[in-house]
Amino acid sequence: MSSILKPTNQIVQPEAKSDGRWHPLSWNQFDIAQLPEYPDTEELRRAYYELKSLPPLITSWEIEALKEKLAQASMGKAFLIQGGDCAETFDSCNSVKLVNMLKVMLQMSFILIHEMGIPIIRVGRVAGQYAKPRSQNYEEVNGEQMMSYRGDLINSYLPNRDARVPDPQRLVTAYQKAALSLNFLRALSDEGFADLQHPGQWELDFMQNNEFYEEYEQMVNTIKKAIKFMDAIIPNKLNTTHKVDFYTSHEALNLFYESAQTRTVPRKEGWFNLSGHMVWLGNRTQQLDGAHIEYLRGIENPIGIKVGPPFSPDALIDILDRINPSHEAGKIVLITRMGHANVATELSKYINRVRRSGHPVVWSCDPMHGNTYATGNNFKTRRFDDILQEIRETFAVHRSEGSYLGGVHLELTGDNVTECVGGANGLNEEGLGINYETYCDPRLNYEQSLEMSFLVAKEWNRAKNQI
Ligand code: PEP
Ligand code: CO
């Protein structure tokens, strides 16, 4: 267990004085998990105020639009796909990785739209997903004891003691990397949209040995035809005026980063975290009287809450009451991550307890974080079949409870990595070393992601036809 820090009070200033009322820095009076102490308080203060002075990355009306769409998903009228890296690194802020990521998310969403016939809400784990919770504060590397790597927002992955010291300047660098990523993603989804959908961009050969190949090929052909048709009837319109909605999200973990970008806007009530459209509460920062819940209760953004072990439906209701006391629709996404073996025994308890509480929520399934294991030669990996199994079980439980699974949450990349085993291409444990890139959790690659979205759509249709 990583320790819980006492309130740091590191940058408390007059506006944040504790009087029981919420403020972007009121969390600073509470115990906090998963945030290491910055040794240089003065530098932290400087970085914080620099970040606070910079323009926002997104707007309040985008946040409100996303909330409205999520309200639709909570009623079974839309479906959420949230996906991206486990941890973005500063180095991964480059053209190829961003194009590949947007491409795979768009193609997955087209598969879902085609198969489900309802609006798909795309949310990337991107442009801010730079901080990671860790189970140990310290680790030993090459015989030397040093702080654990906590993501580029906090320290460097380089294995030396100095590089592992939390560096406040990274708060500003993360903002800059997020801004650059977002700028490019926005440009691509405005202007580069048609090109990303160019038929040549769909790579399908890997599915050839799969039982669903024909069905899959037919579906992709229909999607290509539809795009061509749209292109023909509104020439140039697709790439000039047809903007694709793509939202950003990250775990609200480093509360200095979050609160410096939490602002009010003219003519609107409330505080908006303008660093990303949606943020989520991770599985390890759910202390009811801790800093993270204190921070999250004050913002207008949609908030994801991971739901997993240690299992306690009552504790979840306490969190919901604290974060969404007014039962606002579209505000909460419950992201269950139970592990494929636990879904059948645990999930229905949550569904029933939440239903009894009257909280409106979007149910989403994270089939990744409960299904990680290490191979004999120490690769952290996940089995495609376990991931699929968790999705199937989750659909099945919602189906039998008369509830609606409104989304999936996946760690994925558009790159051709070898991090998860299985899928149509049959990657096995021996193949993991070929292109294993992640510093954190293993991600589905391009092919595995497309295949997964196809199988998710199949499950969704099964659920729909049986309700
Ligand atoms: C994550 O989503 O990367 C993560 C760390 O998940 P969890 O908090 O559910 O373990
Ligand atoms: Co992860």
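**Ligand contacts and overall form of the chain**

In this predicted model, an N or O atom in the side chain of K306 is placed 2.7 Å from an oxygen atom of ligand 1. Two further residues also have polar atoms by the ligand. In N283 the atom concerned is a backbone N or O, at 2.8 Å from an oxygen atom of ligand 1. In H369 a polar side-chain atom is 3.1 Å from an oxygen atom of the ligand. On its own, ligand 1 has 290 Å² of accessible area, and the protein covers 97% of this area. The residues around the ligand are C86, R125, K132, P133, W280, G282, N283, K306, R337, H369 and E411.

The chain as a whole contains 13 helices and 16 strands. Along the principal axes, the C-alpha atoms fill a box of roughly 65 × 50 × 50 Å. Of the 467 residues, 57% are buried.

A nonpolar patch lies on the surface and is formed by F229, M230 and I233. Together these residues have about 290 Å² of accessible area. M230 belongs to helix α6, which spans residues 213-233. The relative accessibility of M230 is 32%, so this residue counts as partly exposed, a class that lies between buried, under 20%, and exposed, over 50%.

Terms used:
Residues numbered from 1 in each chain as written. Chains lettered and ligands numbered in written order. Predicted model: local features only at pLDDT ≥ 70, side-chain atom pairs only at ≥ 80, totals over all residues. Heavy atoms only, no water. Patch = residues over 30% accessible without salt bridge, like charges linked within 9 Å, V, L, I, M, F, W, Y side chains within 5 Å. Areas by Shrake-Rupley, 256 points an atom, 1.4 Å probe, with all protein chains shown as cover. Salt bridge = Lys/Arg side-chain N within 4 Å of Asp/Glu carboxyl O. Helix = DSSP H or I, 4+ residues; strand = E, 2+ residues; numbered from the N terminus. Buried < 20%, exposed > 50% of the residue type's maximum accessible area, 1.4 Å probe, protein only. Near = heavy atom within 4 Å. Polar contact = N/O pair within 3.5 Å; in protein donor to acceptor, adjacent residues only side chain to side chain.
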